[in-house]
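Good morning, colleagues. Please look at the model on the screen while I go through some of its local features.

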Amino acid sequence: MAEAPFGLLAELTHRCPLQCGYCSNPVELVRRNAELSTDDWLRVFDQARALGALQIHLSGGEPLLRPDLPELVVHANSLGCYVNLVTSGVGLSRDRLRDLASRGVDHVQLSLQDATREGNDRIAGIKAFDRKVEAAAFVRDEGLPLTVNTVLHRQNLDNIAGIIAMAEEMGAERLELANTQYYGWALRNRAVLLPTREQLAVADPIVSAAQARLRGRMEIVYVIADYHEAHPKPCMYGWGARQLTVAPNGDVLPCPAATVISSLKIENVRDSSLHEIWHNSPSFNAFRGFDWMQDPCRSCPRKEIDFGGCRCQAFQLTGDAAATDPVCSLSPARSTVDLILETEMAPSEVPAMAMRKMS
Amino acid sequence: MTSVVALDAVPHIRRGVKCAYDQIRSAHVVLFPEGVLVLNETAASVVSLCDGVRSVGDIALVLGDEYDGVEPEDIASLVARLVERRVVDVDG
């Protein structure tokens with residue numbers, strides 16, 4: 001039997017005031033009338049805790065757009081879970097935060113799109129910067145720990161020192177600097193987002209120096225730009241290993257991007273229990289362990305480190321979800337990634353960013 | 001890089017970190033942003049004594065009454081690992 005998951009990523013809604021062109025939600029966004037009801041979510045939380053989940057990440061979209069958020073926080077907290085609110089900060093007033101904190105939110109993760117108002121609001125597609133700065137102050141005043149999360153790409157990578165300074169100013173205890181991963185929206189906008197080698201070469205030592213300087217005060221987690229690396233990321237620490245995602249419509253996913261693998265039959269909480277889905281569904285068992293692997297992964301000692309990389313990326317770039325992640329230098333499809341880098345890192349004509357919106 | 005924790009250092013649980021008992025795993029756990037630590041019995045005892053009052057040496061004395069062969073250096077190295085995982089902070 002698979003080991004129990006540690007966390008549930010609860011995507012309460014795909015509705016969001018922001019329109020970031022690298023959103024981790026799928027391109028086909030779930031509409032409001034297809035969202036799970038309050039009772040459905042309460043049941044999902046019960047089942048997640050019974051399965052072993054100890055952390056509930058209340059995410060979206062923008063979770064503050066769910067009027068039942070206070071009730072969901074109370075329930076997640078009553079189960080003994082660590083409750084993480086993942087928000088854009090838009091709609092987070094002082095009163096709202098105080099109320100959510102009193103009901104059991106343990107930690108707030110706030111997105112920041114760029115170091116400056118102009119850059120932030122251009123990427124977000126709305127005026128959000130001032131509200132994020134305000135929201136961070138409310139979180140700090142309330143005494144809750146704060147993580148600032150910034151997705152990095154060609155448009156903001158040159159401002160990395162400013163982003164780090166901004167997170168310090170906001171009083172963050174953690175800063176996640178995550179280079180864009182190319183699924184869904186980000187895949188569509190890849191030619192706008194892919195950073196150049198030069199940009200990464202400048203940014204990397206700035207991050208390392210800040211990590212050393214801020215040690216003990218602000219932890220900086222740096223997620224690499226995998227197209228530029230020789231080895232893939234240890235995606236999700238293995239398929240169906242530590243966390244599960246429930247989408248707004250109740251679809252249960254081994255990773256938030258898994259809907260891109262069109263060959264995968266996705267289960268739903270309306271039809272089956274999380275216990276049944278986690279342990280027995282074909283989708284969660286598809287790439288567990290090592291038996292599904294082909295060479296070069298199968299005979300590679302690194303399989304214990306990177307688990308063959310990302311299944312979604314393998315599917316998107318090779319058409320085979322069980323292939324070696326093509327960013328790996330040992331993958332027979334690495335040339336596909338090299339060609340993408342060559343043509344999209346510095347395109348002669350940069351296309352306009354496709355802003356995220358409901359179709 | 002593992003920090004060195006002195007015997008007179010006073011550890012406390014960091015803000016935003018929750019300690020709990022998980023019936024599903026039958027183990028004490030520490031919950032913190034983006035992470036879960038499942039503790040063995042010794043680690044759970046140490047964490048429960050990281051109260052911002054007792055020093056590492058004090059914790060070793062308390063545990064010495066309960067278990068055989070408790071070495072203060074072992075407690076210090078366990079606390080250092082908890083500092084690395086950002087579960088506890090030390091003063092002094």
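I begin with the cysteines. Taking a disulfide as a pair of cysteine sulfur atoms within 2.5 Å, the count over all chains is zero. For Cys23(A), the closest cysteine sulfur belongs to Cys16(A) and is 6.7 Å away, too far for a bond. For Cys300(A), the closest is that of Cys328(A), at 6.5 Å, again too far for a bond. I use buried for under 20% relative accessible area, exposed for over 50% and partly exposed for what lies in between, with a 1.4 Å probe and protein chains only. Cys23(A), at 14% relative accessibility, is buried; Cys300(A), with a relative accessible area of 14%, is buried as well.

A word on conventions. This is a predicted model, in which local features need pLDDT of at least 70 and side-chain atom pairs count only at pLDDT 80 or more, while totals for chains, interfaces and linings use all residues. Residues are numbered from 1 along each chain as its sequence is written, chains are lettered from A and ligands numbered from 1 in the order in which they are written, and side-chain values use heavy atoms, without hydrogens and water.

I turn to helix 9 of chain A. Helices (H or I, at least four residues) and strands (E, at least two) are DSSP runs, numbered from the N terminus. Helix 9, residues 197-213, has 17 residues and reaches 25 Å from its first C-alpha to its last. That is close to the 24 Å expected at 1.5 Å a residue, the expected span being 1.5 Å times one less than the number of residues. Which residues of helix 9 of chain A are buried? They are Gln199(A), Leu200(A), Ala203(A), Val207(A) and Ala210(A). Seen down the axis of helix 9, these buried residues fall within an arc of 95 degrees, so they line one face of the helix; the arc is that of the directions from the helix axis to the C-beta atoms. In general, an α-helix has 3.6 residues a turn, so residues three or four places apart point the same way. On the other side of helix 9, Glu198(A), Ala201(A), Val202(A) and Ala212(A) are exposed. The cover over the buried residues of helix 9 includes helix 6 (160-169), strand 6 (174-179) and strand 7 (219-223) of chain A, where contact means heavy atoms within 4.5 Å.

Thr196(A) lies in the loop between helix 8 (190-193) and helix 9 of chain A. Thr196(A) is buried, at 16% relative accessibility. Leaving aside neighbours within four places in sequence, Thr196(A) is in contact with His228(A) and Met345(A). Thr196(A) and Arg154(A) are 42 residues apart in sequence, yet 7.0 Å apart in space, C-alpha to C-alpha.

Finally, the aromatic residues. Rings of Phe, Tyr and Trp (its six-membered ring) pair if their centres lie within 6.5 Å; planes under 30 degrees apart count as stacked, over 60 as edge-to-face and the rest as tilted. The structure holds five aromatic pairs over all chains. In one of them, Trp278(A) and Phe284(A) have ring centres 5.5 Å apart and planes at 50 degrees, so the pair is tilted. Both Trp278(A) and Phe284(A) are buried. Phe287(A) and Trp292(A) form an edge-to-face pair, 5.4 Å centre to centre with 80 degrees between the planes. Phe287(A) and Trp292(A) are buried too, and together with Trp239(A) they form one aromatic cluster.
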